[in-house]
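Work through the following exercises with the sequence and the model at hand. Each task is followed by a solution in steps.

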Amino acid sequence: MGRAIKGLQRICLKLYAPEPGIGDQAFVPIFHEWIRDQALEDLVLFDVADYAHVPESPGIVLVTHEASFSLDRSDGLFGIMAQRRVNGSGEASDMIATTLRHVLQVADKLEGDHRLAGKLAFDRSRVMIEANDRLRAPNTDEGYRALEPLVSTAIRNVFGDSTLRVTRVTNDPRDRLAADVRLGVAATGAP
Amino acid sequence: MAAEIDEFEVQIKLRKQLKIDEKVFAELRLRRGAYGQRYDNGHRYDGIRTQEIPFPRRGLTKGPDTEFDAPGMQRIKIPFGKMSAEQLEVLADCAEEYSNGILHITTRQDVQLHFVDIEDTPDMHRRLGAAGITTREACGNSVRNVTGCPLAGICQTELFDISPYARAEHLFLLGHPDVQDFGRKFKIAFSGCSGEGCGRAMMHDLGFIAATRVVEGREERGFRVVVGGGLGPVPHVAKELYDFMPEARMLPVSQAISRVYARLGEKRNRAKARVKFLVAKLGIDEFRRLVDAELEALEPDARWQQWVDDAEQSHCEWRLAPATSDGARPDPGFEEWTETNVYDQRQPEFVAVTINLPLGDLTSRQARSLTDIMRRYVSDALRTTVDQNLLLRWVHRQDLVSLYNDLYDAKLTLSGAGTITDVTSCPGTDTCKLGISSSRGLSAELRARLEARSLQFDATLKDVTIKVSGCNNSCGQHHISDIGFYGSSRNVGSYKVPHFLLLLGGALEDNAGNYGLAIGAIPSKRVPETVDRLLDLYSAEREDGEAFRPWVMRVGKKAIKGKLQDLMAVPPYEQDDSFYVDWHDAREYSIGDIGVGECAGEVITLTEFSLASAESKVFDASLIVDDPTVTRERVLESSALAYRAMVLAALGLLKTKDPDTRSDPETVFSDFERQFIDTQLFFERYIGNSEWSYFQAAHETGGVARDRDEARRRVEEAQLFIEASHACYMRLCQAQGGGSPVLPWAVANPT
Ligand code: SF4
């Protein structure tokens with residue numbers, strides 16, 4: 001593991017879905033209910049934040065002690081973005097895997113909600129992962145070389161030994177170091 | 001600065017080991033701008049009951065009743081709103097990594113980040129510090145962000161650029177030993193002229209309004225100095241301390257005022273500790289005498305003159321050449337945007353552009369795009385504004401179309417800046433611990449509806465201003481808008497219903513020196529309809545070119561209230577339960593587990609009846625104090641009326657104990673003291689203390705006031721006493737139903 005990425009715990013992880021075609025406010029009662037029932041495993045749920053008035057923003061956010069889950073459109077595409085909020089105990093790859101499990105749990109639950117029935121379908125063959133910590137994981141070639149194996153390990157931990165392709169997201173160097181993961185795709189080949 | 005942040009990091013560790021008292025730690029973090037946030041007492045109402053939040057380190061606190069694991073709010077000072085591209089970039093990074101990717105601009109030109117973990121703050125402070133940004137004394141009992149007109153230096157009406165003076169004031173007082181022992185916060189504002197509202201000097205603890213005079217044929221710069229202004233529950237318009245003070249005296253005068261305030265200001269009762277209460281108590285002449293005496297005694301400080309010398313040097317803020325050679329084709333909306341968001345600078349070849357931010361929010365990504373735009377067009381010429389927007393200054397006219405296109409790509413070309421659609425809002429129940437109603441939810445709703453109607457609005461309608469606060473602490477500055485709202489709640493049957501108190505007739509002009517007065521409480525869900533009705537009435541009844549405030553004054557608040565009366569009613573729960581849920585929320589509004597009907601006996605009816613007559617008395621009193629044409633005697637009568645309103649409210653509460661209780665003021669006062677004060681029933685955390693002191697003061701004088709100011713204050717205080725009585729009544733109902741406290745009251749964090 002490269003020095004550049006030592007101690008990385010802060011992860012953002014996004015699962016995409018086609019625009020659901022319903023207003024963001026539809027998610028508000030759902031998240032409030034989840035909080036009331038503490039409905040997500042391993043997470044302490046306690047707030048809902050509303051940024052739906054800001055374009056390409058986190059939209060509606062479910063806040064838990066461990067991570068926030070937002071209806072993210074920051075890259076112009078709709079999806080559920082998990083942002084790890086506090087440090088955990090494991091290594092960076094454990095943290096990526098944990099966050100991925102959390103976001104899959106949220107996606108499953110949203111898809112299963114009768115109020116959203118048929119309107120949401122997350123693409124589980126694509127995951128975007130950001131290192132949300134410029135001090136520990138700079139957006140550099142070296143940073144990416146260190147991040148890439150951590151991402152691959154984490155994804156395999158969650159999805160098993162599937163084929164996957166991890167590519168670096170080309171972005172503004174001031175933005176965060178990010179990787180795009182396609183599952184069911186050979187490392188170098190086309191889908 | 002680095003050593004201080006290291007020390008703060010150690011203090012966090014010590015608090016985790018319980019080696020620093022929680023109260024001490026709370027003040028330490030507040031002084032570094034790290035505030036509490038809603039639900040940090042570890043409880044949350046879920047619409048049915050109040051639940052404990054199972055934070056992992058439950059019981060470890062970062063202040064009284066403040067869970068260590070609960071996220072907080074970080075306030076970041078931006079003196080007079082001036083920000084460089086590099087600073088904005090760092091703020092964007094911090095928002096992304098430590099918050100939720102949103103930067104929030106406040107009505108005092110600060111930036112706030114929410115949902116921040118206290119353990120992340122030292123790293124964040126270091127990163128901000130490296131870019132020259134401080135969070136020091138952003139909160140706590142100290143000098144808060146020094147604000148100033150965002151147009152300073154480019155404005156058509158200013159006498160001179162106040163920016164370097166505001167900067168000098170900020171640097172001189174930051175951490176100064178004479179500002180460390182205040183009983184409350186101290187807010188300072190600079191204004192470049194007296195007539196406009198951008199500087200808002202009259203609503204500040206200390207205001208400097210640019211002034212000049214000619215001495216021996218030479219123009220001398222200075223300031224009109226005003227002191228003791230402030231909004232909050234009891235608003236005060238500042239009083240003139242000096243009509244002209246030469247610029248060289250600015251810093252010593254600030255120091256002398258600070259010393260008087262530190263020495264004589266109230267320390268125990270927070271509700272009476274702002275400098276406005278000291279000025280009111282001493283009178284402005286005595287206050288001035290004390291400041292003059294301090295000035296005489298001050299040890300001269302070389303910095304007093306250094307800063308002024310520095311201020312007189314010119315600071316080049318603009319790019320010498322335009323960035324583009326000719327105008328590109330504009331994206332859609334350019335014309336409309338130009339009309340509302342572009343300001344002609346005093347310097348004819350330049351314009352200033354307002355970036356209208358919905359509810360003061362922008363994303364980190366937008367902020368980063370904006371830094372590119374700044375570097376391309378205006379270098380570092382950006383200011384945050386008191387209207388929660390951003391202002392790009394020194395834009396070459398030639399670049400305007402191209403700049404617009406770049407802003408358009410960044411989704412930053414919302415038009416309507418400074419118009420009716422540009423609704424100001426404090427954080428309210430979204431994140432603030434003191435929020436009563438959802439100011440942001442309401443404001444988002446109002447914005448959307450007004451934008452949809454905006455094509456129907458002519459210029460005078462577009463000029464109407466709307467400001468919303470989540471409670472009477474006035475962080476949304478509701479007193480100084482044409483139409484203002486602040487959050488409150490009311491009992492309807494056995495349910496609680498979110499409401500907003502409507503104020504009309506405030507004004508930004510004259511440095512925000514005219515405050516609106518309350519009309520009445522409107523159910524939250526009827527506020528948009530109320531705004532529509534007000535605009536329709538105004539459209540139909542205004543005379544040629546008549547602005548909103550003069551229309552309110554001419555028609556009269558009583559007549560306007562009469563036309564809104566039907567909107568003040570709440571349908572029964574069974575008929576329409578949407579009234580019992582706040583905007584952009586899904587939980588039933590704080591009704592907890594009160595049993596339906598348990599609270600609806602005859603005694604309750606009598607209480608509500610008494611509270612309603614108290615409200616109508618105070619409304620009548622407000623009509624009198626607000627009428628500039630009435631005689632002094634009539635104004636003084638309004639104070640007596642306000643006192644009678646307090647007696648009625650107290651009587652209402654007494655009726656919950658004994659429907660036949662006596663109603664003469666003396667008996668009401670003593671019974672109330674015995675049954676509600678001695679028993680603490682009237683108090684709920686931070687509610688009740690000051691309101692009780694208002695009733696005491698009014699009772700001591702039998703409601704007699706010395707002058708118009710005191711009468712006006714008594715009317716405001718009576719309104720607050722009635723609000724507190726409503727709150728107390730709700731708690732009694734709740735107790736009858738066996739419920740637990742619903743509202744998570746906690747330490748105040750008004751901006
Ligand atoms: S304390 Fe200030 S921010 Fe909080 S709800 Fe009241 S007015 Fe708004």
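A salt bridge is a side-chain nitrogen of Lys or Arg within 4 Å of a carboxyl oxygen of Asp or Glu. The model is predicted, so local features need pLDDT of at least 70 and side-chain atom pairs count only at pLDDT 80 or more, while totals for chains, interfaces and linings use all residues. Residues are numbered from 1 along each chain as its sequence is written, chains are lettered from A and ligands numbered from 1 in the order in which they are written, and side-chain values use heavy atoms, with hydrogens and water left out.

**Exercise 1. The partners of Arg124(A)**

Task: Which element holds Asp108(A), and where does Arg124(A) lie?

Solution: 
1. Asp108(A) and Arg124(A) form a salt bridge whose closest N and O atoms are 2.8 Å apart.
2. Asp108(A) belongs to helix α2 (residues 92-112) of chain A and Arg124(A) to the loop between α2 and β6 (126-131), so this pair ties together parts 16 residues apart in sequence.
3. Asp108(A) counts as partly exposed because its relative accessibility is 43%; Arg124(A), at 28%, also counts as partly exposed.
4. Arg124(A) meets Glu111(A) in a salt bridge too, at 2.6 Å from N to O. Glu111(A) is in helix α2 of chain A, 13 residues from Arg124(A), and with 25% relative accessibility it counts as partly exposed.

**Exercise 2. Chain A against chain B**

Task: What area is buried between chain A and chain B, and how many salt bridges are counted between them?

Solution: 
1. Contact (heavy atoms within 4.5 Å) involves 37 residues of chain A and 42 residues of chain B.
2. About 3500 Å² is buried between the two chains, with carbon and sulfur atoms giving 52%; buried area is the accessible area (1.4 Å probe) that two parts lose on being put together, summed over both.
3. Arg36(A), Phe46(A) and Arg174(A) supply 18% of the area that chain A buries against chain B, more than any other three residues.
4. Eleven salt bridges are counted between chain A and chain B. Among them is Glu89(B) with Arg174(A), the closest N and O atoms being 2.5 Å apart.
5. On the side of chain A that touches chain B, α1 (27-37) and β2 (45-50) are the elements giving two or more residues. α1(A) gives the most, with five residues.

How values were computed:
Helix = DSSP H or I, 4+ residues; strand = E, 2+ residues; numbered from the N terminus. Buried < 20%, exposed > 50% of the residue type's maximum accessible area, 1.4 Å probe, protein only.
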